[in-house]
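Trainee: Could you take me through one part of this model up close? I'd like to see who sits beside whom, and a bit about the places around it.

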Amino acid sequence: MIPEYLIRAVLASIMVSVLLGLLSPLINTKGLAFLTHALFHSLLFGAVLGMILGLLFENMGLVMAVALLVTIAVVLLIAHLEKLGFTPDSAVGIVASFVAGLTVLGFGVLYKVMASRPYFPLSESIVSYLTGEIFLITLNNLVVLVVGGTLLFFVMLFLYRDFLYLSFDPDGLESYGGNVRAYLMVLYVLVGAIGALIVQTVGLITLQVVAVLPGAIALIVSKDIRKVIGVSLFLTLGVQLSSVILAYFTDIPPSGLATIMLGIIYGVLLFRR
């Protein structure tokens, strides 16, 4: 009989694969790999802040909500700095440095709050956010992931063609009446929201890799955008499911296995070019 936690892990992996499989080509074609670096810092700061509030108000469900709000606020700030004339790299670097400092301060406050409480739940610990906890995902977590992921999926699908124009021909998009900055801001929010939604299953340490490499590999395999999207989706799904199955038999964190698989595939393709 298949364990219930394994079924939940597989279902979560499918949802994560669909979201990352569609998002990864956009990250690569628009050059948003560095943005995922800022996303790492904002998610970590949001998680720490959420844990502090969760302990104070005795509601650890605040962790994901606060991480989501902080991440969206950070990506909107980056988009605003770009609007003011900063280059994307400069905007990300400025915001990421401040968020990193706030994260360190947040850890200090978190330790003091933890010391005043009788226990700190393992499933909401900072370690689980760093490495991912897909085998510990609860039914409620899965429902949030599926419902939130489905909503983000349809938003991304509805605007996907516009996002591609934004990546390849922003001037053409503007000439047809499209608001480039508005689309860019929406794309940034999608990146942040998807990251916050899947971070508990993927892990902060490996989030940037699994968000960037599938699209990068797909762009090596083909230049046709439809094939790129198909390869990214198929590759992400295959790697995520394979890592969960291998982790079940080896007790190795699936996020680490997924990262290694993607790294090997990317490295082999680069050496064959």
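**A close look at one leucine**

Mentor: Start with Leu257: leaving out residues up to four places away in sequence, Leu257 touches Ser243, Leu246, Ala247, Thr250 and Ile252 (contact means heavy atoms within 4.5 Å). Before we go on, keep in mind that this is a predicted model, where local features need pLDDT of at least 70, side-chain atom pairs count only at pLDDT 80 or more, and totals for chains, interfaces and linings use all residues. Residues are numbered from 1 along each chain as its sequence is written, and side-chain values use heavy atoms, with hydrogens and water left out.

Leu257 is buried, with a relative accessible area of 14%; buried means under 20%, exposed over 50%, and partly exposed in between, using a 1.4 Å probe and protein chains only. Look at Val239 too: Leu257 and Val239 are 18 residues apart in sequence, yet their C-alpha atoms are 8.5 Å apart in space.

Setting aside neighbours within four places in sequence, Ser13 is in contact with Ile134, Gln240, Leu241 and Val244.
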